[in-house]
Amino acid sequence: MQIIDAAATRAALPFDALIAALEALFIAGCTTPARHVHRIGATGTSLIMPAWQADYFGVKTVNIFPDNRARAVPALFSTYMLYDAVSGAPLAQIDGDEITARRTVAASSLAARYLARPDAGRLLVVGAGRVASLLAEAYSAVRPLRQVQVWSRTPDAATALVGTLCAQGYAATVCTDLEAGVRQADIVSCATLSTAPLIRGDWLQPGSHLDLIGGFTPQMVEADDACFAGAAIYVDTEEALQKAGDLLGPMARGVFSAADVQGTLAQLCRGEREGCNGDAARTVFKSVGSALEDLAAAMLVMQMQAAIAQTQKSP
């Protein structure tokens, strides 16, 4: 069994290849049972997410402890185990944090390739954590980013992330006025652990794309009801309709129904649903994460590792 650390996992998951791998598995499909969700202590949550197809079987364990912010350590830790689907033999333990963060933003970027205007070049990142730090790189793989703004409830974190993005070559600035930032953005991508709306629908401009990443439980919310009224709504999987507070609240209040959701990421990838169909159309993509995405990433890691090994064997 291979042990693939964070650096090697990161190197094996460049966003152009990862986005393509996600799209391919969304088209082909795999078995993804409902995740197990367990409460750990007062505020901790542990998710167990299996998925398999003909050759590979994988299980990710994710531990989310929001109170870790007070401990100055990450709020999320995860591990990924990949097995041979025929024999059950363990193949690799892969850094789950890298898989989770990179496949999450890759899924949002894949959705944006279908849902955001082709010329969308102004990105507002809401949040400044691990996932938020990767959004500019992932989105630049599918859209011609000209400007990146970062807003965070912790100004120092926004400043630090902007410094990193500028060093990477992005035209990045700190957003100090969230409303103004939203009004100027072509794409608004939220990656927070918020339990109260941050984005107001009346701030969003016609033709904009709203990407909601952070809220993966019924108690978590990043957008108000008006964000969904009059928008074309898409989800990563139908599980989002049972798990995401951003969707459950507006549906309970009659803002929209499950039948109003335009489609899933798999349906977009397979051409079964249309994506962005006009400059004035406003789109919303809500994700809660899928074990399919983890499996696609883990399979890509193994392919990259095999390619490296083959190169090293060559004379």
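These legends walk through close-up views of one predicted model.

A few ground rules: residues count from 1 along each chain as its sequence is written, and side-chain values use heavy atoms, with hydrogens and water left out. Since this is a predicted model, local features need pLDDT of at least 70 and side-chain atom pairs count only at pLDDT 80 or more, while totals for chains, interfaces and linings use all residues.

**View 1. Here is the open sheet of eight strands, with parallel pairing.**
Read across, the order is β9-β8-β7-β10-β12-β16-β14-β15. Strands here are DSSP runs of E with at least two residues, helices are runs of H or I with at least four, and both are numbered from the N terminus. Two strands count as paired if DSSP finds at least two bridges between them. At the edges stand β9 (172–174) and β15 (263–264), each with a single partner strand, so one side of each has no neighbour in the sheet.

**View 2. Zoom in on β12 and β16, a parallel pair.**
Residues 209–212 form β12 and residues 283–286 form β16, and four bridges link the two. Look for Leu212, whose bridge partner in β16 is Lys286. Packed on this sheet is helix α3 (residues 96–115), which touches β12, β14 (232–235) and β16; contact means heavy atoms within 4.5 Å. The direction of α3 makes about 155 degrees with that of β16. Such angles run from 0 to 180 degrees between N-to-C directions, using lines fitted to C-alpha atoms, for helices over the stretch in contact.

**View 3. Now for the open sheet of six strands, with mixed pairing.**
Its order is β1-β6-β5-β4-β3-β2, and the edge strands β1 (2–4) and β2 (36–40) each pair on one side only. Ignoring direction, neighbouring strands of this sheet are turned by 15 degrees against each other on average. Helix α3 turns up here too, lying across β3, β4, β5 and β6 (90–95) and running at about 100 degrees to β5. Helix α10 also packs on the sheet, touching β1, β3, β4, β5 and β6, at about 65 degrees to β3.

Pro50 sits opposite Val59 in β4, and Trp52 has Phe57 as its bridge partner. Phe57 also stands opposite Tyr83 in β5.

**View 4. Take a look at helix α10 and the largest nonpolar core.**
That core (buried Ala, Val, Leu, Ile, Met, Phe, Trp, Tyr and Cys residues joined through side-chain atoms within 4.5 Å) has 69 residues, and Val148 and Leu265 have the most contacts inside it. Its largest share, ten residues, comes from α10 (residues 291–313). Buried means under 20% relative accessible area, with a 1.4 Å probe and protein chains only; in α10, the buried residues include Leu292, Leu295 and Met299. Leu265 touches Phe26, Ala107 and Phe285, among others, not counting residues up to four places away in sequence. A second, separate core has 30 residues, among them Trp151 and Ala223.

How values were computed. Buried means under 20% relative accessible area, exposed over 50%, partly exposed in between (1.4 Å probe, protein chains only).
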